Amino acid sequence: MVDAHLYLRENSIRQSFEGLLALWRSLSAACEGGLDSHGLGPAHYRIMFFLGSHGGLLPSELCRRLGITKQSLGRALGELKAKKLVEQKQDEGDRRKRPVFLTDEGRQLEAELFAAIRTVLTRAYRQVDGAAVDGFRRVLHVAEYGGPLSEGG
């Protein structure tokens, strides 16, 4: 086991952050062509990703997960609706709620974009062992949620 003091030093943390920035750049570049061809940007894809992974999210939940305001979400959702990539439906159990869903075209585009992301991550994951992949996921989870992954999470 590596001593915690070795990987908590400033230089190590800076290297980790630099690696995250480089990874984000690679993931963004992988999606860029598909997004550009539809007149979309990264913010649109982040919305589509969450809807592809957790369809039927309420706008308030999308705002929470994305860390954006309702105004920012409204602008991007309006553009996605105009391109017929997302739609809102009235909740049958509570007519006041209007969850957001990907349309068939939106699901197809999100799947294409995610395939590009999967390619980048798979290429990296194949260079390390399963413990490194699991460790990476655990670090990301704790950084986002403040606690460890639950079993099977």
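Which element gives the most to the lining of the second largest pocket? The answer is α2, with five residues. This is a predicted model, in which local features need pLDDT of at least 70 and side-chain atom pairs count only at pLDDT 80 or more, while totals for chains, interfaces and linings use all residues. Residues are numbered from 1 along each chain as its sequence is written, and side-chain values use heavy atoms, with hydrogens and water left out.

**Overall fold**

- The chain contains seven helices and two strands; helices (H or I, at least four residues) and strands (E, at least two) are DSSP runs, numbered from the N terminus.
- Along the sequence, the order of elements is α-α-α-α-α-β-β-α-α.
- A box of roughly 55 × 35 × 30 Å, taken along the principal axes, holds the C-alpha atoms of the chain.
- Buried residues make up 25% of the 153 residues of the chain; buried means under 20% relative accessible area, exposed over 50%, and partly exposed in between, with a 1.4 Å probe and protein chains only.

**Largest pocket**

- The largest pocket has a volume of about 1,600 Å³.
- Its lining has 36 residues, and those closest to the pocket centre are Trp24, Leu27, Phe49, Phe50 and Leu140.
- Two or more lining residues come from each of α2 (10-36), α3 (42-53), α4 (59-66), α6 (104-125) and α7 (130-145).
- With nine residues, α2 gives the most to the lining of the largest pocket.
- By class, this lining of the largest pocket has 21 nonpolar, seven polar and eight charged residues.
- For the classes, Ala, Val, Leu, Ile, Met, Phe, Trp, Tyr, Cys and Pro count as nonpolar, Asp, Glu, Lys and Arg as charged, and the others, Gly among them, as polar.
- A pocket is an open set of points on a 1 Å grid over the protein atoms alone, where a 1.4 Å probe fits and protein lies on both sides within 12 Å along at least five of seven lines; lining residues have an atom within 4 Å of a point.
- Grid points are joined across faces, edges and corners, and the volume is the space filled by probe spheres set on the points.

**Second largest pocket**

- The volume of the second largest pocket is about 340 Å³.
- Eleven residues line the second largest pocket, and Ser16, Phe17, Leu20, Phe136 and Val139 are the closest to its centre.
- The elements that give two or more residues to this lining are α2 and α7.
- The lining of the second largest pocket divides into eight nonpolar, three polar and no charged residues.

**Salt bridges**

- The whole structure has seven salt bridges, each being a side-chain nitrogen of Lys or Arg within 4 Å of a carboxyl oxygen of Asp or Glu.
- Glu61, Arg64 and Arg65 are linked in a network of salt bridges.
- In the Glu61 to Arg64 salt bridge, the closest N and O atoms are 2.6 Å apart; the two residues are three apart in helix α4, so about one helical turn separates them.
- In the Arg65 to Glu61 salt bridge, the closest N and O atoms are 2.7 Å apart, and the two residues lie four apart in helix α4, about one turn of the helix.
- Arg64 counts as exposed because its relative accessibility is 54%, whereas Arg65, at 27%, counts as partly exposed.
- Glu87 forms a salt bridge with Lys89, the closest N and O atoms being 3.7 Å apart.
- Glu87 is partly exposed at 32% relative accessibility, and Lys89 is partly exposed at 41%.

**Cysteines**

- A disulfide is a covalent bond between the sulfur atoms of two cysteines.
- The count of disulfides is zero, where a disulfide is taken as a pair of cysteine sulfur atoms within 2.5 Å.
- Cys31 counts as buried at 4% relative accessibility, and Cys63 counts as buried at 9%.

**Backbone details**

- Lys84 has a phi near 60 degrees, a positive value in a residue other than glycine.
- Lys84 sits in the loop between α5 (70-82) and β1 (86-88), and its relative accessibility of 59% makes Lys84 count as exposed.
- The 16 residues of α7 should span 22 Å at 1.5 Å a residue, which agrees with the 22 Å between its end C-alpha atoms; the expected span is 1.5 Å times one less than the number of residues.
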